[in-house]
Amino acid sequence: MSAAEFSALLLLFAAATFTPGPNTTLATALAANRGLRGSLHFVCAVPAGWVVLLLLCGVGLGALVLALPALRWGILGVGVAYMLWLAARLARSGTLGQADARQLDVSFLEGVGLQFLNVKVWLLALTAVAGWVVGHPDWLARLAWTLALMVVFGFSSNFTYALVGSLLRGWLARGRRLLWFNRLMALALVLTAAWMAWSALAIPAPELAG
């Protein structure tokens with residue numbers, strides 16, 4: 001992989017991972033409600049899910065999903081429904097104790113599974129595999145570099161958002177600030193779900209495949 005190709009791949013990952021999305025929103029909300037340590041399982045689940053998804057796209061799962069509209073719409077539907085469900089739980093969390101007890105109980109496996117329901121992650125994985133891995137004689141080395149970047153950017157971006165959430169924890173504990181913060185995060189999840197649905201409608205499957 002040339003220096004220019006590697007630089008372009010870095011820019012792709014930076015733009016895709018540090019912009020707000022369902023993962024960064026959940027990482028921020030979890031840390032604000034449960035502290036930085038209470039969010040680390042989700043922060044680690046994100047890159048773990050990305051690695052699995054990238055490997056599956058590399059062996060053809062991505063092409064299969066794009067070739068079968070019913071499967072693609074099924075993934076989208078479940079993803080949107082799951083984010084709306086998370087948003088509803090989050091919007092009802094008004095105290096740190098309440099959030100710790102039930103409202104934000106997202107396990108490591110749920111965090112990994114969420115990556116398979118995230119259109120943004122699918123597009124990132126498909127773009128990286130199609131543009132930097134498949135069809136090159138050094139594809140194995142390229143895949144290794146891409147996986148490494150997946151882990152680094154997936155962890156660092158969500159850890160950064162979680163750190164911000166944890167720093168706000170003390171300020172949010174006063175009065176009804178946490179409730180309104182959680183409702184803002186819930187709104188962000190709803191808007192992300194709407195964006196995912198709109199993107200799937202606006203971009204035809206052949207363009208996604210390219």
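Biologist: With which residue does E5 form a salt bridge?

Modeller: This is a predicted model. Side chains of opposite charge can pair when their charged atoms come close. For E5, the closest N and O atoms of the pair are 2.9 Å apart, and a salt bridge requires such atoms within 4 Å. The pair links helix α1 to helix α8, across 137 residues of the chain, and the partner of E5 is R142.

Biologist: Is R142 buried or exposed?

Modeller: A residue counts as buried under 20% relative accessible area. The value for R142 is 5%. Therefore R142 is buried.

Biologist: At what angle do α1 and α8 pack?

Modeller: The residues of α1 that meet α8 include E5, L9 and F13, and those of α8 include R142, L149 and M150. By class, this contact has 11 nonpolar, five polar and two charged residues. The helix axes lie 10 Å apart, and the angle is about 30°.

Biologist: Which element gives the largest share of the largest nonpolar core?

Modeller: This core has 37 residues, and F13 and M150 are among those that touch the most other members. The elements that give two or more residues include α1, α2 and α8. The largest share, 11 residues, comes from α2.

Definitions and conventions: Residues numbered from 1 in each chain as written. Predicted model: local features only at pLDDT ≥ 70, side-chain atom pairs only at ≥ 80, totals over all residues. Heavy atoms only, no water. Core = buried A, V, L, I, M, F, W, Y, C linked by side-chain atoms within 4.5 Å. Buried < 20%, exposed > 50% of the residue type's maximum accessible area, 1.4 Å probe, protein only. Helix = DSSP H or I, 4+ residues; strand = E, 2+ residues; numbered from the N terminus. Axes fitted to C-alpha atoms, helices over the stretch in contact; angles between N-to-C directions. Contact = heavy atoms within 4.5 Å. Nonpolar A, V, L, I, M, F, W, Y, C, P; charged D, E, K, R; others polar. Salt bridge = Lys/Arg side-chain N within 4 Å of Asp/Glu carboxyl O.
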